[in-house]
Structure formats: C-alpha cells, structure tokens
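This report describes selected features of a structural model.

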Amino acid sequence: MDGLIKLENLRTRFHTEDGVVNAVNGVSYEMAQGEVLGVVGESGCGKSVHALSIMRLIQIPPGEIYDGKIWFDGRDLLTLDEKEIRQVRGRDIAMVFQDPMSSLNPVYTVGFQIVEALTLHTDLNRKAAKEKAAELLSLVGIPEPKKRLDNYPHQFSGGMRQRAMIAMALSCEPKLLIADEPTTALDVTIQAQIVDLVIRLKEELGMAVMWITHDLGIVAEMAHKINVMYAGYIIERGSAQDIFKRTKHPYTMGLLGSLPKIDEAPGTKLFSIPGLPPDLVRLPKGCPFFARCAYRKEQCKTEMPPLEEAEHESHIVACWRWREIQAGEIQ
Amino acid sequence: MGRYILRRLLSVIPTLIGVTLVIFLFQRLIPGDPAVAMLGERATEENIARIREQFGLDRPSFLDRDALAEGDLAGFFDSQYSRYFGRLMRFDLGESIHRRIPVAETLKERFPATLELSLLSMSIALLIGIPAGIASASKRNTALDGVTMVGSLIGVSMPIFWLGIMEIMLFSVFLKWLPTGGRLPTGVEIQSITNLLLLDSLLTGNFAGFVAALKHIILPAVALATIPAAIITRMTRSSMLDVLQEDYIRTATAKGLSLKVVLFRHALKNAFLPVITIIGLQAGSLLAGAVLTETIFSWPGIGKWVYDSILGRDYPIVQGVTLLIAIIFLFVNLVVDLSYAILDPRISLE
Amino acid sequence: MEETKFEINGLEDFAVREHRSLWIDAWRRLVANRTAMVGLIVVVLFLLSATFAHFFWDYEPKIDLDYGAKLLPPQLIATEEVDIHLFGTDKLGRDIFRRTIHGGWNSLRVGLVAVSISLLVGGILGLLAGFFESIHMNFWESFILMTLLGFALGMLPAWIARQFFQAILFALLGAGSVVFDRYLNGKKKHRLYIFPALGAMLAALPGLMVGPMVALVCGVVGLLIGLLLSKPVGGELFSNIVMRIMDIILSFPSYLLAIAIVAFLGPGLEKGMIAIGVVGIPVYARLARSAVMSVTQKEYVLASHAVGESHSRMLFRHVLPNILSPIIVQATMGLANAILSAAALGFLGLGAIPPEPEWGAMLGDSYKYLSSGAWWAVLFPGLAIMLSVLGFNLLGDGLRDALDPKIRL
C-alpha cells in the first residue's frame, strides 16, 4: 500500500472571547491508499476539527491552523493557495457531514447540487453530468434516480439525503472520502445501511475512507487503522485488533469499558469514565487525561507522555505507565 | 400552489374590513361635535347640516336599536358605518370639506408624484442596501463591516425630516445647486403619459425636462431612502451571516466551489427570503415617510396633501389617503408572501 | 464552519469553569463591546441631562422671549451686548441650548410612556396568546374564558334589546358549555342542537317584551352565539383573535397610523404618547407570542408540565424569565423609535404645543425661515434627536449581541 496522505504535527486553534481554544495539538499520522481509518473520541476531542483542517474548511478567523504539514500528492495542502485547494476539495478529497437534514441546500434540487460538483471538476457537459448524477443516485441505492434528481432535499427522507450526500461526494471519484459522523443523526437501521453502503462503494471504487465517529462499534468491523483522540491529541493508534484486544491507553480502556456487552449479566452497571475532558482553553501541562485517570502518578501531571511504540511498529500509545498497567503491576 | 395563493388572497378580506373599521373609528376620536370641529366655530347652519348629511352624523355609529324596536329591520342596519362602507364599495371616498371636490379625484391626480418619489427611493435603498449588506457579511469583523454597521445604525436613527432640512440648507441655501422644493420649475412642461415625470420625459425624449425633474426629485428621494437603505443593509447582512453558518454552505465549499459561487449561488438565494419581507415592510414606511419628506420639499404628492388636510381639519382626505396607503401596504405584503412561494420550494408543496 | 462552532459550543458544555450567572455574563459581554458602551454613555448622558434640567434648571417657556437677541449664531464668549449662546438663538431670541436640553425631558417622557403602553398591553396579550396556544387550558381557565366570552358576546343582544341581564344569561351559557364538556362528554352530538336552541331562546324570549322584530333579530344572534359557545374554545381561538387584531393595526405603516390618530385627536404631547404607544402594541405582542411559543417547546418547560406544575408557576418561573432578553432588546430599540416618532409628530405640529420646548417642534418652527441661513436653529435640535436615538439603538444592538449567546464567536 502506497502513502496517500501524511499529517505532520497538525495544530489548529480558535480565538474566542473566552481565550484560545486549542482544538488540535500536534497530530501526525499517515494513511495508505484504499485504507479505512477510524477516528474515535468524545465530542470536542478535535476529531472533526482535524478533518476540517485537512480540507482547509476551518473558518479563519476565528480559526487558525498554526503549525504542521499535510502532505497529499507530493504537496503540502496547507501551503496551497485558495485556487489550488479548491481543486483538491471535492475532486481529490470529498467529505460527508453529520447532519443530512441541513447539509443540502434547500432551494436547489438534489440533481442540481450533484451536477454542480460534476461540472466543476470534470469535462462533462450538463446533459452528460445529469446522466452521471442519475447513475450515482442509483449507485447509492436511491430508486427511480432520474425522477429523484428533480426533487428538492425536503422531499427526501433523512437516510436518502445522506445517500444523496454520499453520491455527491463520490461524484468525482475522490481518492479520500472523509465521513464525519455520517450516521449519528440517523435511525439505527438506516445507520447500518449507510455503513454497508460506504464499505461496498469503497470496495468498488478503491478509495480511502476516514470514518470519524464516537461509536467504536461502527469502526470495529471496517477500519484497518484506528486513531483514538483525546483533547486534540492522538493518544493511541493501531489496528482494530490492537485497539480492541491489546488496548494500552487507560482512556481507550475507558471507552471500551463504556460499551455495553452482550455477554454481561443483566443489571451490571455500565462503566463510565469519571469527570469531564479538560478545558481546551487551559490545557494541563502534562497528560490531558490526568484528571480522570485511575493510574495517574506524579510524572503524568507535569510531563506530556510522547507517542511510543507498543509491542509492534504500528501500534503506538501516549502513556507513561502502559507497561506497568500491562504487566498488572498497578490496579 | 394555487390553493396557497387563493388562501392568502382570501385572508386579506377580513383584514381589509378591519382596516375600514379602524379608519371609520378615527372620526369617533374627534373631540366634541365633529361637524363643528371640521368647520370651526363660525360655521353656517347650512354647512353644518351638509357635513352631518355627508357623514351621516344623525345616525348611530353601527346599529340602530331604536329603529329595530319600532320594527324597522332596514333602519336597524342603516348606520354611519354601513353608509361609509357602502360608499367605499362604490369607490367613493367622500368629498373634501373645504373645496368640496371628491377625494378620489384629487387622489388620482396627486398619487403619481408620491409613487414616483417612493419608487426612486426604494431603488436607491435597494441599490445601496443589498450590495452593502452582502459585502459587510462576507467581510465580517473587518473595517468595512464596522463602517457599514455604524453607518447603517446612524441611518436607522436619522430623523428624515431633519436630514431633508439639512440637505436643503447645504445644497439649496448655501451651495445653490438644487432647488428647495416642488416637482418642476415653472416654465418646464413634460407631456404626461404615466404622470411619473422621470419616465415621461424619457419617453418623449425631453432631455431638459428629465434633468429638471431629476434635480427636483433627488434630494427628497435621498432623504426618503435613508432609513430603508439602512434597514435593508442590516437585514441583508444578518440574513447572510445566518445562512453562511448553515451546513449546506460548508457542503458547497467542500465541493470545491469558489467563494463567489458559494456566496452568490448558494447563500444569496436563501438569504434573500427574509430580506424580501423587510423590503415589503419598508414599502409601507416609505409611503408614511412621504408625509414628512413631501412636506419639507413641497412635493405635490399625497403626503403633502395629508399634511395640509390635517392642518385644515379636512378629515375625509386624511381618511381617504390613510385607507389608500393601508391597501397598498397590504397588497405589497401579499405580493411578498406570494413571491416566497415562488422562491422557496418548501412552501409550494403545502 | 458550522462544525467549528459546534465543537466549541460542545466544549462549553463540558468544560470545567467557574459558574457565572447569565446576566453577569451578558453584562461582561456588553462592557467588552465598544459600540454598545458608546451607546450606553450617550443614553446615560441623555437621561442625566434631561432629568437634571427638569428638576434643577428652571425654565418657563411661556415668558421666554427676547426680540433683541433673535437669530443670533452660536456665541461662545459673553460680550457686553450678548450673553453666551452655545447653540445660538431662534427667531424669538430664545437660547437654543437651553431649549434643547429641556426638550430632552419631553422626549424622555414620550419614550417611556409610549414604550410602557406598548410593552404592557402588547406584552401581556402576546404572553397569554403564546402560552395558551401551546399549552392546553385546564378546567378553570377554560371556565373563566368561556364565561367571559359568553358575557362579551351576550352584550350584543343585551344592547339591542336594552336588557342587560341577557349578557349574564349568555355568560352562564358559556360556563355551562365547559361543564357540559367535562361531565357529559358522551353526548357530544347533542350539544350542537342544545346550545344554539338555548341561545336563541335566551335572547328571543326577553326580546319579545320589546317587540317582535327585536325578538327575531336577538333570536338569530342568540342562535349564532349558542353555536359558538357549544364547544369550549381553546387558547388557540384567543390567540387567533388577538393576533388578527394585531394584523389589522400592522396593516397601517406604523407612524402613519400615529399621525392619523393624533390628527383626529388633536395635537398635544400626551396624545402623541398614547398614539405612539398604541401603534407599538403589535410589535411586542408578536415578539412575546413567538418567544413564548419557542420557549414552551423547550424540554425544561415540557418537563415542568409533565411533573404537573401549575400553569401560573410555569408562566412565571420558566417562561417569563426566558423571554425577557428579546423583550429588553426590543424595548431599548422601541425607546429610540418612540423618540423619533414623537419628534416627527412635533415637527408636523401634532406633538408638543408651542412654546413647550420639544425637539421636533423646534425643528418645525425653525425650518420655515431656513432661507435666512440660520443653520444653528435647525442643526442642534436635529442633532439632539439623532444622537439620543442613535444612543438607544447602539445600546439595543449591543444588548442583543450580549444577551443572545447564539452569536458568541
């Protein structure tokens, strides 16, 4: 697998009247072509902001991407001018957003909005683009696609709108599809359909997918790699096996612990991580998870642990004490 | 869609009846004997009798229960209001007390002047307000935005009669560039087609007439346009800002569209909906503002006429003009609502 | 773009931070807003100068006259012939500075009285309309409403037949309808016959004592009222009626209506206040209604409903505090508007009666001899209007930003 995109020390912050919000604090990783990457974490852990930073969709001001590099196709996306980044958006990297209800423009037909993306990045004329748009709608499983093109978004159900959004995102066959919690706003049954749809399309089109979610269950089955984020840091990264079976970071353990398990005795209380994530305006000097961590020690308070290899090359974790925890030396 | 239009049309009828009722009730506000109030203390018996007859002042206001008690059903409904309403149905607005000319006739004569002034003012307001609002919203929190916002707030706070006076002071009294008032200088004739002088002079190729008319209209038009321009600017800006926060704007940007296309194709059409409502509302305040502006600039429209009639206590004129303006205002808002149905696909389905 | 905002708002919910009250928070935001502070300073200056002038600076407009000093331009230094006239003098030789400062009191009065009228009447109507449109009336509220409705409608036949007791009969009929609905719910069909018949009888029989025609008309009216009363109306009807009346007032451009009202009432500052106040009622009614309706959809109100809190408690504990901020903003801007409208009335000669110092009237007096070049006579009163109006508008704008956390970024 060849490299597709590489983030180096990405840092994004927002200037608000309450102070500077440090949303992304030095994120580095690499994605291969055709890879499925899951990005998980609680709300406000910087997972969406880091994705929007890749697309340069952060509003400046109040936002600011103040450090780092994003290598894509041999270029640093952060140094591209406005015109060049527009070429990347939609054509090379496409994005599907959380709320399908509000992500489509209510005053234009669904067809118009898909055709718009097609004519922008391809040489198709309007007529050909319209046919292609119908094909795309049928590809994402919308019945009577030709007729549906002339519908307005409010005539679509939530699930259908998300399918239309996916069709729009796929219209120019991007190399990377970023799905930012695309199923959160949908019913559970529809959620599963959308997940299956994206997996199927990924197989057919061979693109890479970044799936951002707070639901570990969704990424467990589909992701090659998983990034666990906390307070704007990646605190653990590895394959699904690594994350689920060979968990190293106490926070990841907490996340996994708070999933309900089918084999548990009824009446067992669900585990929950005590406390709240830190205020991103006043980040602690040491480990951001310090205040909530059951294994903390003095060093954790003053020094941020570096990401280091655990067991093998592709499983990394940022914790001072993972070895001791692993060995069962502390409880 | 057809049903929506029909329903909206029908909903105007009760409001319209309510409007006639309010205007009818105006004359009940007159302290003392209305006939004496209108004619003054030294009025002749004959004139007082005429006014009583015209207003039906010898009848009760709404219903005559005494007539009913005597078994007279028709007399029961014969009242000041029913007579007033009946006359309105025949487009009869009564006649001027002092000059004894039908109100409707003078109205027809004077309305084009007000219409011309209002149309020009509205055009100025739109030409300033909408681009300023868009620019201000797309450059939020910059110096341009700040200047526009403070400027528009000053505009909203501007007493237009004072602005008019200061305009005259500067451009007519001190600089002597423009006339102090009126619609045309004496000696200039414009052949009347629509009675909108700017339009008529262009249609007849009368360039000198056009310049003369423009010189007269420009000061009052600017004064009258100030507040609507400021309000439209603010509304366009805040509506654009709202829309620019929407998810679909981010979707459009994520597609790779340029800022210009996002702004003008995706944001503007959505942002325009609330702006239309404000434009409709401003049409009403333009007509009301005409009373002040026309008074200052001696503009021979219905506003100046109302002012003169108030001073002369010529109430039928005040009632007639108020009714006309209310009807126009209702009609404009009706058009606004219907244009919503055309612009917003979510409405037409209902 | 939305996402970034969402992230940050989301954070605020979680973030560990000191607890601050909403109002203190809003005040801090207001203080941080430069234009709002300019507005606040202008407003405070206006309030202070108007109040101090009224109570501590004697001025008797009726005897203020000095033909020797007429139409003097602004004079900053006293000489042997003339006194200091900061803003010059008008055609009667009156000091414009003094009259402008004293005029502030009149503008302040008009503003406060007019806004109070609009706010009280409009606010209460809107509050009730919105509240009962979104929350079901209970038995006693419905009982009171129907009794009042019956009484009000009954006034018509009572007036026609000159028999006051008819109105009371209809009030009882209205009350009966609520009782019927509560206790005899099974016989729904019958009430469509019972109530109109009862209504016709209640009106026609006493009407017979006056005359047959009266009995006939009253009977028809009674029948219609009975039909209306046959089913207890909900809050929606009340809201509909109120809002319809507001629509009618709103179908006049607002200050044309004020001008028309004063034109018929006759000129005077007090009449101007009332006219401006009445014209402003619908604005507050609509605002209050929509604010209430959006608040009552909120979970915390639904929750308090679900646990069976009384309606009055819900109204005062939950709804009222939560609609305060839009009302405060509107009232601040309303003051600006009222001052502007009062000045317009004064300018047209429909407001304060001369020689009372009032900014609009001062302008109206002076603009007639504009050609003499006495710019100071029109500049300063107008500037006073504009600055005080601008002050309230700036403050209102700042308040909106400070009280509406939606646009915090």
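## Terms and basis

Two strands are taken to pair if DSSP finds at least two bridges between them. Helices (H or I, at least four residues) and strands (E, at least two) are DSSP runs, numbered from the N terminus.

The model is predicted: local features need pLDDT of at least 70, side-chain atom pairs count only at pLDDT 80 or more, and totals for chains, interfaces and linings use all residues. Residues are numbered from 1 along each chain as its sequence is written, chains are lettered from A and ligands numbered from 1 in the order in which they are written, and side-chain values use heavy atoms, with hydrogens and water left out.

## An open sheet in chain A

Chain A contains an open sheet of 4 strands in the order S2-S1-S4-S5, with antiparallel pairing. Its edges are strand S2 (19-32) and strand S5 (75-76) of chain A, each of which pairs on one side only. Strand S4 (residues 63-72) of chain A runs antiparallel to S5(A), and 2 bridges join them. Within this pairing, Trp71(A) has Asp76(A) in S5(A) as its bridge partner.

Helix H1 (residues 47-54) of chain A packs on the sheet and touches strand S1 (3-16), S2 and S4 of chain A, where contact means heavy atoms within 4.5 Å. The direction of H1(A) makes about 115° with that of S1(A); axes are lines fitted to C-alpha atoms, for helices over the stretch in contact, and angles run from 0 to 180 degrees between N-to-C directions.

## Strand S12 and its partners

Strand S12 (residues 312-317) of chain A pairs in the antiparallel sense with strand S10 (residues 233-239) of chain A over 2 bridges. Strand S11 (residues 308-310) of chain A is also antiparallel to S12(A), joined to it by 3 bridges. Ile316(A) in S12(A) stands opposite Arg237(A) and also opposite Glu309(A).

S11(A) and S12(A) form a hairpin with 1 residue between the strands, in which Glu311(A) takes a positive phi near 65°.

Chain B has 16 helices and 0 strands. Its C-alpha trace spans about 80 × 55 × 40 Å along the principal axes. Of its 350 residues, 54% count as buried, that is, under 20% relative accessible area, against over 50% for exposed and in between for partly exposed (1.4 Å probe, protein chains only).

Among contacts in chain B between residues at least 6 apart in sequence, 71% join residues at least 24 apart. The accessible surface of chain B comes to about 15,400 Å², with 65% of it belonging to carbon and sulfur atoms; such areas come from the Shrake-Rupley method with a 1.4 Å probe, and for residues only the protein chains shown count as cover.

Phe143(C) lies in helix H5 (residues 139-161) of chain C. At 24% relative accessibility, Phe143(C) counts as partly exposed. Leaving aside neighbours within four places in sequence, Phe143(C) is in contact with Ala175(C), Val178(C) and Val179(C). Phe143(C) and His102(C) are 41 residues apart in sequence and 52 Å apart in space, C-alpha to C-alpha.

Val220(C) is placed in helix H8 of chain C. Val220(C) likewise counts as partly exposed, because its relative accessibility is 44%.
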